[in-house]
Amino acid sequence: MPDGESVLAELNSVLQLEVDPELLELALTHRSYAYENGGIAHNERLEFLGDSILGQAVTVMLYLENPDVDEGELAKRRASLVSSAALAEIAVHIGLGRFVRLGRGEELTGGREKQSILADAVEAIIGAAYLSVGPEAATALVMRLIAPLLSDPDRFGAAMDPKTSLQELSTRLGKGLPQYTITDSGPDHSKRFHAEVGFGGVVVSSGDGTSKKQAEMAAALAAWSILQQRTQH
């Protein structure tokens, strides 16, 4: 990420907020950058806060705007809006990747496009906004960020069963069946899984999770979103 007040001001302009520069910079600091720069603070605490604020804002919005929808359906809709795939899509939409501060290793391995890093940064920014400008402005930010997702009428259906939705869409487009590749990292008691999905050996998207199934579903939803967008152009 380029340094300087002008860069933070540019991001604030994108967010339509005036988030405190120190908090915004912290929200953009990935742990890889922090470790390579003397163990400075990174964005995971803000991510923790932002996750809670995001979940509450989306839950309240769905409850108020869908009076005839039952709890189970509301939960599925919420899951589709706060998933790593959805948050990464938001990050791409606002060009967040170029602002994130990454360590050299992550930079060299495409960290600016990694779903988990982008999703975490979105949550951290929401947390920074809450601390900087208060709950009402932070909630308004959440609503602005998820607005493009809400405008997609097919999203909720795909989110309920992303692997099946992806398979149906890819078959309709003549791409054949999706192919998944799974890798894992971390100790046995705290493993993280990374899934890639593609067609004919070409990777379309990826996803992360605490189980193979969760990672595959995140990758499938991201791939479905990409293919769906291509059909609209």
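**Exercise 1.** Which residue lies over the face of tyrosine 180, and at what distance from the ring centre?

*Solution.* The model is predicted, so local features need pLDDT of at least 70 and side-chain atom pairs count only at pLDDT 80 or more, while totals for chains, interfaces and linings use all residues. Residues are numbered from 1 along each chain as its sequence is written, and side-chain values use heavy atoms, with hydrogens and water left out. Lysine 163 lies over the face of tyrosine 180, at 4.8 Å from the ring centre. A charge sits over a ring if NZ of Lys or CZ of Arg is within 6 Å of the ring centre and within 35 degrees of the ring normal.

**Exercise 2.** Describe how α6 and α8 are arranged, and name the residues in contact.

*Solution.* Step 1: the axes of helix α6 (residues 84–94) and helix α8 (residues 115–133) cross at roughly 80° and come within 8 Å. Step 2: α6 is therefore roughly perpendicular to α8 (65 to 115 degrees). Step 3: Ser84, Ala85, Leu87, Ala88, Ile90, Ala91 and Val92 of α6 make the contact (heavy atoms within 4.5 Å) with Gln115, Leu118, Ala119, Val122 and Glu123 of α8. Step 4: by class, nine residues of this contact are nonpolar, two polar and one charged.

**Exercise 3.** Determine the handedness of the crossing of α4 and α5.

*Solution.* Step 1: helix α4 (residues 44–65) and helix α5 (residues 71–82) have axes that come within 10 Å and cross at roughly 135°. Step 2: α4 passes α5 in a right-handed crossing (the near helix is turned clockwise from the far one by less than a right angle).

Methods. Axes are lines fitted to C-alpha atoms, for helices over the stretch in contact, and angles run from 0 to 180 degrees between N-to-C directions. Helices (H or I, at least four residues) and strands (E, at least two) are DSSP runs, numbered from the N terminus. Angles under 35 degrees count as roughly parallel, over 145 as roughly antiparallel, 65 to 115 as roughly perpendicular and the rest as oblique. Ala, Val, Leu, Ile, Met, Phe, Trp, Tyr, Cys and Pro count as nonpolar, Asp, Glu, Lys and Arg as charged, and the others, Gly among them, as polar.
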